[in-house]
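Hi,

Here is the structure I promised to pass on. Have a look at it first, and then read my notes below.

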Amino acid sequence: MATVPDKINDKIAFFEQRISSWSLTPTAIGLNAAQCTALASAIVNARKSYTDAQAARIAAKNATVNQTSMVRLMATLGADAIRFIRAYAESQPTQDAMDAVFQKASIDPPAPPTPAGAPDAPKMVTADPNADGTVTIKWKGSTANQTFFSIWRKIGNSTTWMQLSSVATKSFIDTTVPGGTPTATYFIRAQRNNQVSPASDEAVVNFGQALAA
């Protein structure tokens, strides 16, 4: 078992607790006065160094907390300043004037917006007949970036598809099913600007008996 503790503070305290008695009669325990004087001085210096180190750790922690706070404040105010600069630049009457503001502020102008790609095909298309002979069609899809939907239908075994309508919602009621229709098949496309999605899966309505005329 070690006589002297391992931890720094405990090690200093160990010698602090003994140096006074050792110094009273050093020769009685195999020491001399010079040894005790040197050790006493070293104990004082060790305690001071330990105290200074503890204070430095606390100061460093406080400085780090303060640094984090100050950097956060700077970033917030800086971001606000950049927003004001951009808004001022964009309010200029010409492109040259706008570019001059960004150049003077040493800020890159905003990149032109990337055009949105073709929309995804609508999903989960359902078509349900109503008692009045109409059909309610519903689907899932995104309406982001002004996306709208076109509804397509074919009757019976026909291979000809007819576009019924275009809507910005995700449902449509077909009120134009011809009399005598045995089945009606529907699919949906999404469209954004001039870009059109693939066709959705088809939804089939089987009227059982031919729809009454």
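A term to start with: a salt bridge here is a side-chain nitrogen of Lys or Arg within 4 Å of a carboxyl oxygen of Asp or Glu. Keep in mind that this is a predicted model, where local features need pLDDT of at least 70 and side-chain atom pairs count only at pLDDT 80 or more, while totals for chains, interfaces and linings use all residues. Residues are numbered from 1 along each chain as its sequence is written, and side-chain values use heavy atoms, with hydrogens and water left out.

Now the salt bridges. The structure has 4 of them. One of these joins E16 and R47, whose closest N and O atoms are 2.9 Å apart. E16 sits in helix α1 (residues 8-24) and R47 in helix α2 (residues 33-90), so this pair ties together parts that are 31 residues apart in sequence. (Helices, H or I with at least four residues, and strands, E with at least two, are DSSP runs numbered from the N terminus.) Both residues are partly exposed: E16 has 31% relative accessibility, and R47 has 23%. For these labels, buried means under 20% relative accessible area, exposed means over 50%, and partly exposed is in between, using a 1.4 Å probe and protein chains only.

Helix α2 has other pairs too. K48 and D52 form a salt bridge at 2.9 Å, N to O; they are 4 residues apart in that helix, or about one helical turn. K48 counts as exposed at 52%, whereas D52 is partly exposed at 41%. D80 and R83 also meet in a salt bridge, at 2.1 Å from N to O. They are 3 residues apart in helix α2, again about one helical turn, and D80 is partly exposed at 27%.

What about the whole protein? It has 3 helices and 8 strands, and along the sequence they run α-α-α-β-β-β-β-β-β-β-β. The radius of gyration is 42 Å, whereas a compact globule of 213 residues would be near 17 Å. That value is taken over C-alpha atoms, and the globule rule is 2.2 Å times the number of residues to the power 0.38. Along the principal axes, the C-alpha atoms fill a box of roughly 125 × 60 × 25 Å. Of the 213 residues, 23% are buried.

Cheers
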